[in-house]
Amino acid sequence: MFQLFKFKGGVKPETNKAVSVTAPIAIAPLPAQLIVPLHQSIGGMPRPLVKAGERVLKGQRIGDPDKWISAAVHAPTSGTVVSVEERIASHPSGLPTLSVVLEPDGRDEWMERAPLDYASLEPERVRERLRDFGVVGLGGAVFPSHAKLVAAKAVPMEELVINGAECEPFMTCDDMLMRERAEEIVRGVGIFRDLLAPKRVLIGIEDNKPEALAAMRAAVQIVGENFEVVAVPTRYPAGGAKQLIRVLTGKEVPASTRSPEMGVQCFNVATAYTAWRAIAHGEPVLSRIVTLTGNVEQPRNWEVLLGTPLRDLIALGQPKADTTGYVMGGPMMGFEMPSLEAPIVKATNCIIAASPTLFPPPAPEMPCIRCGACAQACPHELQPFELYWFARARNFGKTQEYNIFDCIECGCCSYVCPSHIPLVQYFRFAKSEIWAREREKNQADAAKARFEFRNEREEREKAEKAERLAKAAAAKAAAAKPASEGVSAQSVAVTDNTAATLDPEAIKKATIAAAMERAKRQRESVQPKNTEGLTAAQSEEIAEIEARRTPLQKPTDQGEENSAPAIEK
Amino acid sequence: MLTAILIMALGAVILGAALGYASIKFKVEGNPLVEKIEAILPQTQCGQCGFPGCKPYAEAIAGGEEINRCPPGGQEGVRKLADLLGREVKPLDAEEKPKQLAIIDEQTCIGCTLCIQACPVDAIVGAAKQMHTVVSSLCTGCELCVKPCPVECIRMEVIEESIDNWKWKYPVIELKRVA
């Protein structure tokens, strides 16, 4: 029997999963317009590769990854680029982000797809492929997967943990994916295993998903792998990476340590699936499974093209009349979508239609009574009541002392709080304030360094100039000496004196004259540099323009001179 | 009696020598307080405090100058300085402005280089008779380049909220008396 461990804290909210698993995954119809944000993963903002009016094929890259921690973005279907512009993002702020607006042509024409024989390739090439095919963590954090597929140098990789826990209530997208496409997930896990070479591969699935467990076990047998499919107790947030690692391996990943340093790495099942599609089928990440549930007539899972506006997706589920809004993500960690125009992105695992009966308005916030329930529920063993106190008082230094950055914003503390304090909101506020201050501090430091460098440079230039002038003066004095030789010592002294008094004027005049001479020579020698290698048509055009310009130039010069007095009159 | 005096005198000489040696060996360059003050100042080098840069102002504060002269630092800067120096928090001596960025209208720019010379952090690139432009990531928003421009082609723009600098709002809804 596989030995399981426990993580501290956690809660057991109503799961509400049964409604959306009755029907199989359906392919969502093509919407009239797709809005594909370029920034869909953690890391660098991908650069747009297409322009308005351009025709793109399905799977064509439209955003180039920026630096190593970044992932490419692709056209979800064939069609015409309407524009590359700022569109409202699927983000709690509701602010716009640079997006490619695409009008599908309905033909769904693929670009050329080629599978990659990854066994014969260097691991580095495989990672590049994953980056260029937009494979990111689909559990919701959207961290580029290729960057996680590197084992720590000093620590041997012991366990690879595959996360199929899906602990958030309402969410069933991973469950359905495991039931229906288990074999491809297992093959994708095989790729991760080959890149990381761990001793064991553990697939953790919450025990409230017996069908998924059975499907995954069967798939592991079919593929002939030795992965262990483990049922983990259902308790929120068992699907948090650190929690699942703890439950399956007993290892506790310390604060600000990456799990490879402990010999573990963790991936979501959907990520493994997309990695397999990218390697074995040459298909970039163009769609994802989204659970559409909550206050809708037909809750189910849809395979939705990235960039599909929320409006088009919810129409498929037929929201009930009293729907007040849509939550992206689960009820514990999700946020309300800012607009029906906001698109489905790689991070959108679930859309819940909210209604007053489903999510009653929060009870009024009462004072903290320091009961400690939040500290017992916190899976990271933090002290939310202390953090709350400091965040509320804007004492950000103290919040950091109490390890606010270990908070995963899972929402357990807010869930158990008898005073209904939105604790996570306070922590999010404190975190973003700390980040903003950090940014400001870095900017100030950089500005200071630049200012100091500039001062130093000015000093140096001044010194250099003084030295140059002194040298020039000395040279002049030396030149003047031979001429005045033979004259009595006294008169030499006199001429020296006069030379000294005349010097600044003379030097100035001489330098000005020299500079003018130099400028004149330069003007004469300058030739336009961009006129080489032109076609006959282009040089003809230039000649034509020149011919038009020469008669025009002279009269305007005169015209200006003439017009000036004319105004005075 | 004499021994006691001698012992005391000897002790005084030894300790004095040790102190003298320490004061040379472990000499602190500059005033450490100035450095702490400077770390709080926003380093825009804008001179709005009436001093030619953040460091001179930090030195002046250490010498007793008011702490509310730095508009880019804002009220929060005043509060931090008050905390550090144990002084009273005072309202800012000027209007608090949101963070700004200089923008050169490149059509109008004549390439005079005057703004380049004025920029304290070398955030403007260009050359004589060539168009200039502001490197926006380096601009501190000090406004020092606005005045020297002979064709008034530099304007200050408030940095708008974007997804990258967006912040979660303070969750407390402050109660206000209505009517």
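## Domains of chain B

The C-alpha centres of domain 1 and domain 2 of chain B lie 25 Å apart. This is a predicted model, in which local features need pLDDT of at least 70 and side-chain atom pairs count only at pLDDT 80 or more, while totals for chains, interfaces and linings use all residues. Residues are numbered from 1 along each chain as its sequence is written, and chains are lettered from A and ligands numbered from 1 in the order in which they are written.

Domain 1 of chain B spans 32-85 and domain 2 spans 98-160; domain bounds come from an automatic or database domain assignment. Between them, 5 residues of domain 1 are in contact with 7 residues of domain 2 (contact: C-beta atoms, placed from the backbone, within 7 Å). The domain 1 side of this contact has 1 nonpolar, 4 polar and no charged residues. Ala, Val, Leu, Ile, Met, Phe, Trp, Tyr, Cys and Pro count as nonpolar, Asp, Glu, Lys and Arg as charged, and the others, Gly among them, as polar.

## Helix α2 of chain B

Helix α2 of chain B covers residues 32-40, and its buried residues are B:Ile37, B:Glu38 and B:Ile40. Buried means 20 or more other C-beta atoms within 10 Å of a residue's own, exposed 12 or fewer, and partly exposed in between, with C-beta atoms placed from the backbone. Helices (H or I, at least four residues) and strands (E, at least two) are DSSP runs, numbered from the N terminus.

The three lie on the same side of α2(B) because they cover an arc of only 155° around the axis, taken from the directions from the helix axis to the C-beta atoms. The buried residues of α2(B) pack against α3 (54-62) and α4 (74-85) of chain B.

## Contact between the chains

In the contact between the chains, 20 residues of chain A meet 21 residues of chain B. Helix α12 of chain A (residues 423-483) gives the most to the chain A side, with 13 residues. That side divides into 9 nonpolar, 5 polar and 6 charged residues.

## Nonpolar cores

A nonpolar core is a set of buried Ala, Val, Leu, Ile, Met, Phe, Trp, Tyr and Cys residues joined through C-beta atoms within 7 Å. The largest has 126 residues; A:Ile162, A:Phe192, A:Met216, A:Ala272 and A:Val290 have the most contacts inside it. Domain 1 (18-26 + 120-354) and domain 2 (366-511) of chain A both give residues to this core, so it lies between them. A second, separate core of 16 residues includes A:Ala447, B:Ile124, B:Cys149 and B:Ile154.

How values were computed. Two residues are in contact if their C-beta atoms, placed from the backbone, lie within 7 Å.
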